[in-house]
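Here is a short note for a colleague opening this structure. The points below can be read with the sequence and the 3D view side by side.

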Amino acid sequence: MDATVWLFVAQLATIAAVLVALYIPLGNYLAVALTSPRHWRIERGFYRLIGADPDSGQSWGAYVRSVLAFSAVGILVVYALQRTQQWLPYSLGLPATSEHLAFNTAISFVTNTNWQSYSPELTLGYAVQLLGLAVQNVLSAAVGIAIAIALARGFAYRRRGEIGNFWVDLTRSTLRILLPFSIVAAVVLMAGGVIQNLAGFQEVSTITGGTQVIPGGPVASQEAIKLLGTNGGGFFNANSSHPFENPAPWTSLASILLMLAIPFALPRAFGRIVGDDRQGVAIAGVMAALFLVSVSLMTWAELSGGGTAPQAAGGALEGKEARFGIIGSTVFSTTSTITSTGAVNSMHDSYTALGGGMALVNMMLGEVAPGGVGAGLYGILVVAIIAVFIAGLMVGRTPEYLGKKIGAREIKLASLYILTTPTLVLVGTALSFAIPPVRADVESTSIWNPGTHGFSEVLYAFTSAANNNGSAFAGLTANTPWLNTALAVAMFLGRFLPIVFVLALAGSLAGQDAVPPTTGTLPTHTVQFGGLLAGTIVLVSALTYFPVLALGPLAEGLQ
Amino acid sequence: MIRQFWTALRALLVLTLVLGLGYPLVVTAIGQGALPAQANGSLERLDGQIVGSVLLGQSFTDAEGAPLPEWFQSRPSAAGAGYDGGASSGSNLGPSNDELVASIESRRAAIAEFEGVDPDRVPADALTASASGLDPHISPEYALLQVPRVAAARGLDESTVRELVESMIQGRDLGYLGEPTVNVLQLNIALAETD
C-alpha cells in the first residue's frame with residue numbers, strides 16, 4: 001500500500017511540475033496569440049475569402065449570431081457526410097448511418113461533447129472521421145476558446161459596445177494554437193506506437209493457426225486533437241484504452257498532459273488580458289485543489305475495490321488495462337471527466353460504485369477544474385460571479401469582480417447559466433423513466449446492468465451529454481431513437497444556452513466603466529476568495545445533485 | 001443573419017480542407033516517412049510472416065476457444081468472440097453485477113484446474129476482461145503461474161521457461177508509471193523460437 005501511494009504521488013507530481021512549467025509561457029502565448037492587433041498574412045487571405053472584416057469588433061449579439069451560424073453549418077455538414085457515407089471514398093464499404101444516429105453524432109461533435117452512440121470501427125469510414133469529426137474536433141475547441149476570450153474582454157474593456165470578432169478568435173485559436181500543437185502531439189503519440197495509415201482492416205494468421213483482424217486508420221492525427229481540444233471521441237470503440245490509441249503508460253501520461261495543458265494555462269491568459277496576473281493564479285489554484293481532492297477520492301475508491309465483483313476477483317481490474325493498472329486508470333478518468341474530454345482508458349461502467357460515482361461528480365461540478373478548453377475558464381468565471389455575490393450579501397455591499405459591478409442583469413445571466421445543465425440532466429433522466437413507453441424501451445433495450453447501476457447508466461448519459469463531456473457508462477445502448485434524440489437535445493442546449501448567457505454577460509460587462517477599488521472591495525486573488533469559490537462550486541453541485549446521486553452510485557456503493 | 005451563414009459556410013469549407021485533409025495527410029506523411037513501424041501498427045513477425053501486432057492481444061486457443069496448453073494465455077476478452085481486432089470493447093459489467101461475479105468464479109475454477117494450482121493463487125488480471133478487449137499484456141504473476149503447465153506441454157525444463165518469462169518482464173515506464181507486465185505475443189514468439 002505504501003509503495004502504491006508513492007506511485008500515485010509521483011505521477012501527480014510529474015503532472016503538476018509540467019503544468020506549472022507551462023503555466024507562464026503557454027498562458028502568455030495564448031494571450032498574445034488571441035489579442036495581438038497583428039494578423040498573419042495567411043489569416044488576412046482567409047478573412048478576405050470568407051468576407052469578414054477582422055478589424056471591426058462585434059456586439060455580443062452579433063458575436064452570438066456568428067457562433068450559432070457557424071455551429072449550425074457544422075452540424076448540417078457532419079449530418080450530411082454520415083447520411084451519404086456509402087458514396088464517399090475511403091468509407092471501408094460502410095453504409096450511411098440512421099437519421100437519429102447522424103443527428104446525435106453531428107450535434108455531439110459540434111458541441112465538443114463527442115458522445116458516441118455507435119462503435120466507430122463498425123460504423124464510420126475514414127471520410128466521415130476526417131472530413132467531419134476531425135474538423136469539428138478542432139473547430140468546437142476553437143469556439144470554446146473564443147467564448148472564453150470574449151468573456152475576458154468583457155472584464156477588460158471599459159464602456160465598449162463590442163467584445164471582439166468571432167471570426168478572428170476562431171481563426172487564431174485554430175491556426176495559432178490547436179493546429180500546430182496537434183501536429184507536434186500527433187508525432188509524439190506516433191513515436192509511442194499510435195498508428196497513422198489508411199490501410200483499412202488487415203487479416204493476419206496467428207501462431208496458433210487462427211486469424212486476427214488488425215485495424216488501420218489515421219488515428220494519431222485524430223487522437224492528438226481529441227485530447228488537446230478536450231473532445232474525447234475515440235477512433236475506436238475502446239477509445240484511449242485501445243492499444244493503437246494509447247499504447248503505453250507514458251503515452252497515457254502524455255494524453256493526460258494534453259488534456260490539461262490548455263485549460264490550466266487559460267487562467268494565465270485571462271490574468272494577462274484583465275491586467276492582473278494574480279487573478280489567474282487564484283483561478284488556476286482553485287482548479288488544481290479541486291482536481292487533487294477528486295483524483296484522490298476516485299483512486300482511493302478503486303484501490304479499495306468495493307463491490308461483489310472486485311471482491312471476487314481480488315481487485316477492481318474489470319475494464320482496466322494491465323499496462324495502466326488502477327492508478328494509471330483513475331488519474332486518466334479523473335482528468336477526462338473533470339475536463340470536458342470524456343476519453344476513457346478504462347471502462348467507467350465497471351468501476352466500483354463510488355469510483356464511477358466520482359466520474360459523475362466531476363461532470364456535475366460543471367467541469368471547471370480545469371474544465372474543457374475555454375469552457376472551463378468561462379464556467380469558473382461565472383461561478384466566481386456567484387461567489388462575489390454571496391460574499392457581497394454577507395457584508396451588505398454591492399458585489400464587484402475585477403472592477404465591474406455585479407448587478408441584477410449579471411446575476412440573472414450567471415444564475416441562468418448555473419441552472420441550465422442541472423435542468424437538462426434531471427429532466428432528461430426523469431423523462432426516461434417517467435414516460436411509460438420510453439421507460440419500457442430504456443429498460444429493455446438500453447440498460448445493460450441490473451438494479452441501481454442501470455439507473456446510474458442513464459443518469460451518467462444525461463450528465464455527460466448536458467455537460468458536453470462525452471464519456472459513458474458504456475454498457476448503455478444509446479443507439480435508440482429516444483436516447484439519440486434526447487441526448488442530442490441535451491448536448492445542444494447544454495452547449496449553446498450557456499454560450500449565449502456568457503456572451504450576454506460579456507457584452508454587459510464590456511459596456512460598464514470600471515469601479516475603482518476601495519478598502520471595502522473584496523480582493524479576489526486571495527486564498528480566502530479561493531476557498532469561497534471552491535466552496536460555491538461544491539455547494540451548488542451538491543445541493544442540486546445529492547438526491548439523484550443517492551438513487552444511483554451512493555445506493556449501490558453503500559449496500 | 002444570411003450574410004453570417006455565407007461567411008460560416010465559406011469558413012467551414014476552407015477549414016475542412018485544412019483540418020480534414022491537410023492536417024491528417026501531413027501527419028500521415030511524417031508517420032510513414034519517419035516512424036513507419038509504429039504508424040503501421042508495430043507488426044510482429046515469426047519466420048518472416050506477420051503474426052500480429054505487438055500492441056494487440058490475441059487468443060491462444062483452439063477453434064472451440066479452449067486454451068492451448070503449449071502457449072501462454074491472455075486475459076479474458078470482451079472484444080467480439082475474444083480479441084477481435086475489428087470490435088474493441090470491454091464487458092461493461094458493473095461492480096455488483098451477479099453475472100460478472102459468476103464469470104469471475106467460473107474463470108477462477110477453470111484456470112486453477114488448467115494450471116493445476118490452488119484457486120486462491122489466480123491473480124485478478126486473469127479473472128477480469130480488459131477495457132479494450134485487446135490487452136496485449138498480463139501481470140508477471142499470471143505469466144509465472146503458467147510456467148509449469150507450458151513447460152510440461154512442451155517438454156521443456158521449468159527453469160528454462162521461467163528464465164524466459166523473467167527476461168521478458170517489462171517494468172513500469174520511467175520506474176513509476178503503470179504496472180509491470182509481460183507481453184503475451186512476444187513471450188509466445190520467443191517460446192516458439194526456443195524450440
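Is A:T337 buried or exposed? A:T337 is buried, because 32 other C-beta atoms lie within 10 Å. A residue counts as buried if 20 or more other C-beta atoms lie within 10 Å of its own, as exposed if 12 or fewer do, and as partly exposed in between; C-beta atoms are placed from the backbone.

1. Ground rules. This is a predicted model: local features need pLDDT of at least 70, and side-chain atom pairs count only at pLDDT 80 or more, while totals for chains, interfaces and linings use all residues. Residues are numbered from 1 along each chain as its sequence is written, and chains are lettered from A and ligands numbered from 1 in the order in which they are written.

2. Around A:T337. This residue sits in helix α12 (residues 325-338) of chain A. Helices (H or I, at least four residues) and strands (E, at least two) are DSSP runs, numbered from the N terminus. Setting aside neighbours within four places in sequence, A:T337 is in contact with A:A359, A:N362, A:M363, A:N469 and A:S471. Contact means that the C-beta atoms of two residues, placed from the backbone, lie within 7 Å. A:R397 is 60 residues away along the chain from A:T337, and their C-alpha atoms are separated by 37 Å.

3. Helix α17(A). It covers residues 452-466, 15 residues in total. From first C-alpha to last it reaches 21 Å, close to the 21 Å expected at 1.5 Å a residue. The expected span is 1.5 Å times one less than the number of residues. Of the 15 residues in α17(A), 14 are buried. Just after the helix, A:N468 takes a positive phi of about 55 degrees.

4. Strands β1 (residues 202-205) and β2 (residues 211-214) of chain A run antiparallel, joined by four bridges. Two strands pair if DSSP finds at least two bridges between them. A:S205 stands opposite A:T211. Five residues lie between the strands, and A:G209 in the turn has a positive phi of about 90 degrees.

5. Chain B overall. Its secondary structure comes to eight helices and five strands. The radius of gyration is 22 Å, well over the 16 Å of the globule rule for 195 residues, so chain B is more spread out than a compact globule. That radius is taken over C-alpha atoms, and the rule is 2.2 Å times the number of residues to the power 0.38. The C-alpha atoms fill a box of roughly 75 × 45 × 40 Å along the principal axes. Buried residues make up 48% of chain B.

6. Domains of chain B. The assignment gives domain 1 (1-40) and domain 2 (41-194). Such bounds come from an automatic or database domain assignment. The C-alpha centres of the two domains lie 39 Å apart.

7. The sheet in chain B. Three strands form an open antiparallel sheet in the order β3-β5-β4. β3(B) and β4(B) are the edge strands, each pairing on one side only. Two bridges join β4(B) to β5(B) (residues 181-183). B:I169 has B:V182 as its bridge partner.

8. Where the chains meet. The contact takes 88 residues from chain B and 98 residues from chain A. On the chain B side, α1(B) gives the largest share, 22 residues.
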